[in-house]
Amino acid sequence: MPVTETFQPTIVAFCCNWCSYAGADLSGTNRLQYPANVKIIRIPCSCRLNPLFILRAFQRGADGVILCGCHPGDCHYTTGNYYARRRMTLLFSMLDYLGIERERTRVEWVSAAEGAKFAATMQEFTAAVTKLGPNRRLEDLRCRKD
Amino acid sequence: MQERLKQKAVELLENGGADRILGWKTGEFFYDLTPAVFTSSAEIEREFVFSAFSGANLSKYLIAESRKGGKVAAFLKPCDSYSFQQLLKEHRILRENVYIVGVQCAGMCDMEKLRARDCDGVTAVRENGEKLVAETLYGERIVDRKDVLLERCTVCKSKKIVAFDELIGEQGEEQDLGRFAEVERLEAMTPEERYAFWRGELSRCIRCNACRNVCPACSCETCIFDNANSGFRNKAAADAFEENLFHIIRAFHVAGRCTDCGECSRVCPQHIPLHLLNRKFIKDINTFYGPYQAGAELDSPSPLTDYTTADCEPSAVLTRGGNS
Amino acid sequence: MQRVGVFVCWCGSNIAATVDVERVADVLGREPGVVFATHYQYMCSQAGQELIQNAIHEYDLTGVVICSCSPRMHEVTFRKTCERAGLNPYMVEIANIREQCSWIHKDRESATEKAVILGRAAIAKVHLNAPLTSGSSPVKKRALVIGGGIAGIQTALDIAEAGFEVDIVEKKPTIGGKMTQIDKTFPTLDCAACILTPKMVDAAQNEKIHIYAYSEVTSVKGFVGNFRVTIRRKARYVDETKCTGCGLCTEKCPQKKIPNEFNLGLDNRRAIYIPFAQAVPKVATIDPAACTMLKTGKCGVCSKVCTAGAIDYRQKDTYVEAEYGAIVAATGFNPIKLDKFDEFAYSQSPDVVTSLELERLMNAAGPTGGTLLRPSDGTHPKTIVFVQCVGSRCDDAKGKPYCSKICCMYTAKHAMLCREKYPDTDVYVFYIDVRTPGKNFDEFYRRAVEEYGVHYIKGMVGKVVPENGKLKVQASDLLGGRQLHIDADLVVLAAAIEPDESARPLATMLTASMDTNDFFTEAHAKLRPVESPTAGVFLSGACQGPKDIPETVAQASAAAAKVIGLLSKDSLVCNPCTAKPNELMCNGCSSCEKVCPYGAITYLDKEFRGPNRTVLLRRVAQVNPAVCQGCGACTVACPSGAMDLQGFSNQQILAEVDAICR
């Protein structure tokens with residue numbers, strides 16, 4: 001798929017309130033840059049992320065979706081991210097099986113102290129998704145912007 | 001075999017072992033058997049059928065039947081018994097109101113496959129050991145049963161009946177006939193090929209919802225696709241919903257609970273190979289989280305409501321084999 | 001449709017320098033449902049807050065969106081602001097346009113566009129907000145401490161000191177725990193009994209403390225502030241109210257050959273016994289497995305000699321039901337069983353002992369009256385070998401992966417005491433590392449080496465072979481680079497410690513989490529070390545992780561402080577953003593219950609109207625809003641979407657997704 005210079009991907013990042021959202025805030029406090037394509041949605045725990053939300057994001061035109069949560073073992077709710085980890089593994093495997101590009105989805109564990117990691121992850125992820133081009137495989141034509 | 005089942009059914013009704021019997025009867029055609037509830041010996045004599053076309057999984061109907069008062073007896077083949085035990089695990093069936101007669105199975109047959117073997121105008125089919133004798137308008141045709149089995153029966157995962165109050169036929173064992181072969185074939189394709197394959201298949205979906213209605217795991221009081229609060233309420237075939245959302249969501253919801261009974265593919269009027277979605281999840285679960293068969297045991301933890309601290313990361317999907 | 005007010009903050013120049021706040025307010029003001037939009041320099045200031053409050057009144061706002069710094073900074077502030085203006089505090093949403101927008105982007109155009117998108121997402125969410133009210137639940141002002149060792153005793157004493165009633169449940173016939181079996185304690189080498197027994201007596205005499213000894217917790221129901229606990233009081237066959245603890249029965253009982261658990265089987269006790277002289281309560285107990293009278297109906301000697309008439313062979317277990325506001329787990333530890341460590345000949349020779357057994361051998365109240373004698377022949381050991389890390393730091397399934405923490409110190413203590421009492425004894429300690437980090441600990445260990453001449457050798461003991469009354473020890477000296485062969489008279493194994501076996505069933509009863517080693521997990525490893533993630537359950541002592549006495553006492557007091565904080569409230573405010581099941585849609589499949597970390601979900605069989613005037617009984621989920629912490633795991637486990645999370649509902653999150661992707 002040819003990538004035009006003006007292609008700006010829409011990236012949705014789901015961040016858990018306790019670790020990764022705080023990590024995102026920390027990268028802000030430290031003025032670490034990452035692309036404006038990334039928009040963050042706050043959820044109480046990574047386990048709140050229903051795979052349906054990811055599918056909905058893609059349906060509505062998102063080009064990449066990333067889930068950030070506490071490191072396994074450090075979940076504020078003790079076990080939430082373990083369940084999230086299993087679900088996301090299965091979901092990503094199924095998306096791959098259906099022919100959706102693997103690089104459009106990602107899970108990254110970011111603690112509240114890892115502002116730099118958050119910024120770096122968002123930069124990498126945005127670059128990878130930009131390279132893939134717009135999401136055509138999972139989009140819903142009714143939701144297309146143009 | 002049919003006679004033994006009929007006798008058992010009548011016996012249960014007459015000696016008070018059950019008030020209703022759940023079994024099969026002929027539908028529109030002789031090969032189109034439909035699940036049915038029998039309440040009298042006369043009905044059983046007249047209409048009860050058990051043949052090479054009794055593919056229907058009766059366990060789902062026990063959800064409602066076990067709550068109607070009295071006792072209901074049901075005939076379950078090995079694959080059905082896994083679904084039954086899984087439903088028990090999920091507290092959907094009241095076990096005390098159910099009497100299970102486990103029925104050993106030689107594999108159920110597919111009428112389409114029979115027709116493809118030069119059998120036109122079939123009026124009846126008899127079972128004769130490992131052969132099927134088809135009476136057609138043009139004479140008798142004899143085929144090997146194993147050549148006309150339903151797809152799911154060709155890779156039958158188990159002849160073991162995991163839950164029963166009594167058995168008709170012998171108890172069997174689990175077996176491995178390579179049921180993941182087709183999944184592996186798809187996995188070996190490039191993403192573009194896979195995408196094209198699934199678009200081709202899923203775009204034929206007409207949202208008849210037969211797969212959902214027949215699936216024992218799809219037995220929610222209110223399905224998410226009928227739930228206004230879920231944000232995914234959707235009834236009719238609409239642009240790209242089926243390809244993008246309906247089937248993947250349904251497969252995800254039954255992941256870890258699907259016993260691979262194969263009913264979804266059997267009933268699909270468009271012949272979409274839905275089992276390839278469910279088996280993919282089962283294969284993934286086996287690979288990542290250890291071999292697991294839903295419904296095999298009453299108290300094993302279900303993989304999606306369980307975890308270990310050493311589970312693999314989702315990035316394992318990115319880095320494992322397969323074309324990219 | 002809500003009437004939404006949008007307030008965009010400049011945050012001085014923090015936001016305004018990169019984001020065109022006027023334009024953001026302008027664009028958002030035209031979103032559906034927004035009836036008022038403005039911008040101001042410092043929304044969190046007094047003036048800014050008044051601006052919001054005035055707008056709420058003037059424009060009849062039902063929802064408020066504030067585009068400002070992170071909600072982690074000021075969500076609470078703005079919620080309070082709106083509450084004071086009469087708006088439900090949960091009708092407020094914050095769009096983070098500072099930490100997650102103006103501070104991380106340089107380009108004004110894209111930063112402004114992103115701020116607009118984030119604002120839209122917040123507006124979309126607030127449209128679906130429902131007013132939430134924090135519930136409250138009452139607090140029963142009584143605490144339960146499970147375990148009567150030093151941890152449990154200290155916690156109970158501190159709680160009682162604050163004026164609250166507290167019950168201690170201890171499964172042994174006496175409280176005191178492991179410390180009663182210890183001779184001297186490090187690093188001060190004062191006698192354990194001397195420092196413990198006053199505390200035991202304090203606990204017994206304190207009016208606010210009630211001790212249930214020889215008792216166990218059999219069930220726990222309820223939640224923080226309102227636990228209902230059943231305690232089984234095992235039958236001693238002795239009436240506690242009459243027994244004076246004179247001990248006559250224990251002298252006259254004809255059954256003399258029962259291994260004495262208190263001395264770890266090194267000597268015997270009678271069928272009727274008092275564990276040790278300073279037991280609290282000082283009451284005899286009959287062991288039903290050993291008593292002739294209870295087994296065959298013949299004997300009755302103790303009953304005949306008892307001057308208080310306290311023996312009651314017909315006594316039965318009794319059950320007590322009580323209510324508590326807080327529960328403290330203080331179940332302690334045990335050394336592991338060494339039956340898989342045959343390389344050290346533990347099962348083959350009586351002269352290979354564990355460190356706890358050595359404590360008993362050296363204790364004045366122990367089986368040898370305090371003289372260190374070999375269990376096999378009663379002679380004095382001339383060469384003693386201590387083996388460290390037996391079963392600790394072990395990769396194998398037969399041991400534990402962790403360091404048991406206390407062994408380096410107690411081995412140094414034992415080594416010093418042996419050398420001090422018996423200067424003619426050679427003492428060797430084989431170690432991998434010596435870990436003595438506490439206050440005065442390293443000095444203590446160095447004294448063992450420098451003043452007391454204990455031979456510390458870095459290396460593992462490979463094998464101990466009993467031969468002709470000696471123990472042939474084969475070990476390696478890694479620093480000297482050679483193999484050593486020592487003929488020892490006594491070998492002492494520093495066995496790993498593990499949580500008491502009652503801990504896991506207790507954790508299940510309390511729905512408290514445990515790690516793979518059966519230690520209770522803390523709510524936060526660093527910041528909340530004495531609380532379990534389960535609200536109302538607190539952790540005291542070695543049940544949470546291996547620790548020595550100073551740390552145990554510190555933690556016990558910390559747990560007590562947390563309990564006091566809880567019990568001093570009359571009622572608890574619950575987090576209102578809890579899960580809510582829709583009973584009409586619920587299957588009763590139990591998926592949600594399995595993923596809930598707090599045990600907040602239970603099931604009920606409820607009647608529902610069916611078609612044709614029938615009544616259907618269906619199993620549906622119930623969430624206890626006082627226990628639910630709002631993580632949302634249940635909402636995703638639920639296949640039908642019947643379970644939803646207030647404050648972060650499915651529709652709300654989807655609305656945010658839609659707004660961002662539009």
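**View 1. Domains 3 and 5 of chain C, with their centres 53 Å apart, taken over C-alpha atoms.** Here's the layout of chain C in this predicted model, with domain bounds that come from an automatic or database domain assignment. The assignment gives domain 1 (4-127), domain 2 (142-234 + 317-332 + 500-567), domain 3 (248-305), domain 4 (336-498) and domain 5 (579-646). A quick word on conventions: residues are numbered from 1 along each chain as its sequence is written, and chains are lettered from A and ligands numbered from 1 in the order in which they are written. Local features need pLDDT of at least 70 and side-chain atom pairs count only at pLDDT 80 or more, while totals for chains, interfaces and linings use all residues; side-chain values use heavy atoms, with hydrogens and water left out.

**View 2. A look around C:Gln652, in helix H18 (residues 650-661) of chain C.** Helices here are DSSP runs of H or I, at least four residues, and strands are runs of E, at least two, numbered from the N terminus. C:Gln652 counts as buried because its relative accessibility is 3%, the cut-off being under 20% relative accessible area with a 1.4 Å probe, protein chains only (exposed is over 50%, partly exposed in between). Leaving aside residues up to four places away in sequence, C:Gln652 touches C:Lys125, C:Leu128, C:Asn129 and C:Gly647; contact means heavy atoms within 4.5 Å. The C-alpha atom of C:His127 sits 8.4 Å from that of C:Gln652, though 525 residues separate the two along the chain.

**View 3. Where chain A meets chain C, with 43 residues from chain A and 43 residues from chain C in contact.** Together the two chains bury about 3700 Å², 59% of it on carbon and sulfur atoms. Buried area is the accessible area (1.4 Å probe) that two parts lose on being put together, summed over both. On the chain A side, A:Lys39, A:Arg42 and A:Arg48 supply 18% of the area buried against chain C, more than any other three residues. A:Arg48 also pairs with C:Asp644 in a salt bridge (3.5 Å, N to O), and the count between the two chains is four. A salt bridge needs a side-chain nitrogen of Lys or Arg within 4 Å of a carboxyl oxygen of Asp or Glu. Among the elements that give two or more residues to this side of chain A are strand E1 (11-16), strand E2 (38-43) and helix H3 (80-97). The largest share, seven residues, comes from H1(A).

**View 4. Where chain B meets chain A, with 48 residues of chain B in contact with 36 residues of chain A.** The area buried between chain B and chain A is about 4000 Å², and carbon and sulfur atoms give 62% of that. In chain B, the residues that lose the most area to chain A are B:Phe252, B:Tyr307 and B:Pro314, together 15% of what that side buries. Four salt bridges turn up across this interface; in one of them, the side chains of A:Arg86 and B:Asp311 meet at 3.0 Å, N to O. Helices H7 (181-187), H8 (191-202), H10 (241-254), H12 (275-289) and H13 (316-319) of chain B each supply at least two residues of the side that touches chain A. H12(B) gives the most, with eight residues.
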